[in-house]
Amino acid sequence: MQITRDEDAGTITWSTANAETAALLARLGENLTPGAHLDYHGRTTDPSDANALRLHFKAGDVELNLVGTDVRDKNLIGSIRDICFYGSGLTYVGAGEVASGLSLIFTCGTCKLCGRQVATYRAATSEVCDTCAEQCEHVFEESMGQSQGRPAMLPFCLKCRVADPEWQPDADPMVDMARVVSDGPVTMLFIEHGDGTGTMIKKK
Ligand SMILES: [Zn+2]
Ligand SMILES: [Zn+2]
C-alpha cells in the first residue's frame, strides 16, 4: 500500500498496486460514505520489527492494518497514529483514481478559521491550516517540544501550535525528563513527529 500526504490539499491518500490489497481497499471504501469517520482501533508493534508501527482501522466488517515498512512509511504512519490519537483522526473524503487503480482519500479535519482541509499533526491538533497559521498573531508559551533531537522546553503558539521561529536553543537544551514528569499530578507523553519535531502532551 502506498500512503501519500498532500499538505496543500489537506489529504492523505491510500492506494495500492497489489490486487489483493486493492480489493480490500474497495471493500473498505464501500463501507464509508464521504464525511464518515474511519474508526481507529489502536496500534500494536509489528512482530517483525519492534520499531515499526501497526495501526488498526475498521469500517463495517472490514478491518485494515497499516504497517510502517521503512523509515519514511513509519514516520508517516507515526504521524497518522498521532493524528488519530490526539487529533480527530481520519475522515473519508471519497474514492479517487491513481495509476494503480482505486485510491481512498482521507482528511484529518478542517481549519476552524477558513474551513480548509488539513492533514498534518500540527494543523489537525490546532485546527488551524498552514495559511491561517502564517497570518496568526502568535501567542507563544513554553511547553515541551524537541530541539536537536532532544526533549526541550520551547515556545509554541497557543492558537496554532507553530513553534516560535525566533527561538534559539540554549547551550544545553536537554531537559531533565524525570523532573518534568514528576512535576505535578500530570503524566507527560512525548510525541515524535515524522518531520523531526516533537511535542510533549500533558495528560491528567
Ligand atoms: Zn485556515
Ligand atoms: Zn499562532
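Reply: Start with a pair: Thr44 stands opposite Arg54 in β4. (Strands are DSSP E runs of at least two residues, helices H or I runs of at least four, both numbered from the N terminus.) This is a predicted model, where local features need pLDDT of at least 70 and side-chain atom pairs 80 or more, while totals for chains, interfaces and linings use all residues. Residues count from 1 along each chain as its sequence is written, and chains are lettered from A and ligands numbered from 1 in the order written.

β3 and β4 pair in the antiparallel sense over six bridges; pairing takes at least two DSSP bridges. The open sheet has three strands in the order β3-β4-β5, with antiparallel pairing. Neighbouring strands are turned by 25° against each other on average, direction ignored. (Axes are lines fitted to C-alpha atoms, for helices over the stretch in contact; angles run from 0 to 180 degrees between N-to-C directions.)

(Contact means C-beta atoms, placed from the backbone, within 7 Å.) α2 lies across β3, β4 and β5, at about 50° to β4. α2 covers residues 71-86 and reaches 22 Å from first C-alpha to last, close to the 22 Å expected, taken as 1.5 Å times one less than the number of residues. Its buried residues include Ile77, Ile80, Arg81 and Ile83. (Buried means 20 or more other C-beta atoms within 10 Å, exposed 12 or fewer, partly exposed in between.)

Now the core. The largest nonpolar core has 31 residues, of which Phe106, Cys108, Val118, Val128 and Cys129 touch the most other members. Among the elements giving it two or more residues are α1 (19-30), β4 (49-59) and α2. (Such a core joins buried Ala, Val, Leu, Ile, Met, Phe, Trp, Tyr and Cys through C-beta atoms within 7 Å.) Beyond its neighbours within four places in sequence, Val118 contacts residues including Gly10, Cys108, Ala123 and Cys129.

Last, two backbone points. Glu127, in the loop between α3 and α4, has a positive phi near 55°. Glu127 counts as partly exposed because it has 19 C-beta neighbours inside 10 Å. Arg161 also has a positive phi, about 65°. It lies in the loop between β9 (150-157) and α5 (177-181). With 21 such neighbours, Arg161 counts as buried.

Definitions and conventions. Contact = placed C-beta atoms within 7 Å.
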